[in-house]
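Hello! Here is the structure I promised to pass on to you. Have a look at it first, and then read my notes below.

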2 protein chains.
Amino acid sequence: MDSLQKAIENISPLSPGSMSSFLQVWKHWSVPKDHLLLREHSISDYIYFIKKGIARIYYHKNDKEITEWIAMDEQFFLSISSFFERRPSLLVIQTLEASEVYGIHHNDLMTLADQHHDVERLLRKMVTTSLILSQVRMDSIQFETAQQRYERLLNTSPHIIQRVPLSYIASFLGVTLETLSRIRSGK
Amino acid sequence: MDSLQKAIENISPLSPGSMSSFLQVWKHWSVPKDHLLLREHSISDYIYFIKKGIARIYYHKNDKEITEWIAMDEQFFLSISSFFERRPSLLVIQTLEASEVYGIHHNDLMTLADQHHDVERLLRKMVTTSLILSQVRMDSIQFETAQQRYERLLNTSPHIIQRVPLSYIASFLGVTLETLSRIRSGK
DNA sequence: AAGATTATTTGACAATTATCAAATCGGCCT
DNA sequence: AGGCCGATTTGATAATTGTCAAATAATCTT
C-alpha cells in the first residue's frame, strides 16, 4: 500500500482521516500476463495504479490495434472518457507481464470526493496533470519526427524496449512497425 | 453576466452562496481587436470566458506562429500549463475582433475552490472536460487527414471561416497555408 | 482611386512515412 | 536438433504533406 500512498501524497496532501478512508477503498489484485483489466465495450469502473508489471491501453481502429498508452513504474492509468462519462469504452487494458495493480472504483471515488473536499482537490490535480501531459503528447505527435519521438521515449522510459514488443511501441509512437525498425537500425 | 452563469451551471451546479461569491470575482473587459490578453513569457493569471468576439491562442515554434486554439461562442479558454503551474507561458492570447471577455484570477479561483467544495468540483469537471477534448483532438491530429480535419472544423464551427484568416485556421488544423488552400479548392 | 501591403492561390519539387511483399531472426516445442 | 511460428528487418514503391518560389487577389491607406 505504501507506494500508492506516496504517489497520492505526491500529488496533493490529504488529511489523515481522508487518507485513511481513501486508502481503504483501493483494491489490490495480482494478475497474470495478458490479463484484461478492461474489455472493449464495457464501462470502465476503475482508476488503476500499477505497482509492479506493465499494462497497455489500446483500441481498434479499422483493423489495427492502436496502443494509446503503456503504463508502468507506479503510474495511474484509466480509460478517461469511459470512467468519467460512464459510457462503454472503446479501450482495452491488458497486462503485458504478471502485475500487481491497485484500483479504486468509480462509486467509491465519487463518494469520497463528495465527502472530503481534499479528495476532490486531489482528483482535480490528477486530472490537471493528465491534461498537461496530454498537451505535451499532442505537441510531440504533431511536431516531432518519428525519430525524435523514439528518442524521447528512450529518455523517459529506457527499459521499456526490453519489456514491450516493438509492435506495441511502434503503435504507441504513432508509426508502423517497419518505420520503427528502420529508426532503430539507424536508417 | 448571464451567459457566464449559464455556462457554469451547465458544467456543475453550485449552491446559491457559492454561485454568488463565484460570479462576484469574475471581471469583465471590453477589448478592441488585436488586444493581448496574455503576452509571451508572462504568467497566465486568468481563466477567460468569451462572451462576444474571437480570440486565438498561439505560440512560437522555430520562427512560425502555431495557433493552438481559437476561442469563440461563449467558451472558456486559458493557458493551461502556465495557469496551473504558475510558470511563464509560451503562449500568446490575442483577440481577433473587438471582444467582450470575462476573467477569473488564479488567486480568486483558488481561494474560492478552497472555501467551497462545490467550486472545487466545478473546476475538476472543467478540467476533465478539457482533458477529454484534448484526447479527441489528439486522435484527430494523429489519424485524420488534413481534409477530414477541415471538414470536422466546418461542422463544429461553420462560421469560423468567415471570421478568421486562413493562415490561422491552417495552423490550427496542423497544416500549411498552402495545403489548406488546396483542400479548399477541392484539390 | 492608386499604390502598397497583406492574404491567398498555384506550381514544381523534396521529405517523411505508409504500404505491400519478402526475407531473416529467435525462441519454443516435442 | 529440426521444425514452426511469431517477431523483426529489409526492399521497392506510393501517398500525403511540406518547402520554396512566384503569381494573383483582396484589403487598407491616404
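**Around DNA strand D**

H9(A) provides the largest share of the surface near DNA strand D, with 4 residues. Please keep in mind as you read that this is a predicted model.

Helix H8 (166–173) and helix H9 (177–184) of chain A, along with helix H9 (177–184) of chain B, each supply at least two residues of that surface. In total, 16 residues surround DNA strand D, and the closest are Ser181(A), Arg182(A), Ala146(B), Glu178(B) and Thr179(B). Of the atoms of DNA strand D that come within 4 Å of the protein, 51% belong to sugar and phosphate. Sorted by class, the residues of this surface are 4 nonpolar, 7 polar and 5 charged.

Some contacts to find on your screen:

- The side chain of Ser181(A) has an N or O atom 3.0 Å from a phosphate oxygen of DNA strand D.
- For Glu178(B), an N or O atom of the side chain is 3.0 Å from a base nitrogen of DNA strand D.

**A pair of helices in chain B**

Now turn to helix H2 (residues 16–25) and helix H4 (residues 106–115) of chain B, whose axes come within 10 Å and cross at roughly 170°. Angles over 145 degrees count as roughly antiparallel, so H2(B) and H4(B) are roughly antiparallel to each other. H2(B) makes the contact with Ser21(B), Phe22(B) and Val25(B), while H4(B) uses Asp108(B), Leu109(B) and Leu112(B). By class, this contact has 4 nonpolar, 1 polar and 1 charged residues.

Enjoy exploring!

Conventions:
Residues numbered from 1 in each chain as written. Chains lettered and ligands numbered in written order. Predicted model: local features only at pLDDT ≥ 70, side-chain atom pairs only at ≥ 80, totals over all residues. Heavy atoms only, no water. Near = heavy atom within 4 Å. Polar contact = N/O pair within 3.5 Å; in protein donor to acceptor, adjacent residues only side chain to side chain. Nonpolar A, V, L, I, M, F, W, Y, C, P; charged D, E, K, R; others polar. Axes fitted to C-alpha atoms, helices over the stretch in contact; angles between N-to-C directions. Parallel < 35°, antiparallel > 145°, perpendicular 65-115°, else oblique. Contact = heavy atoms within 4.5 Å.
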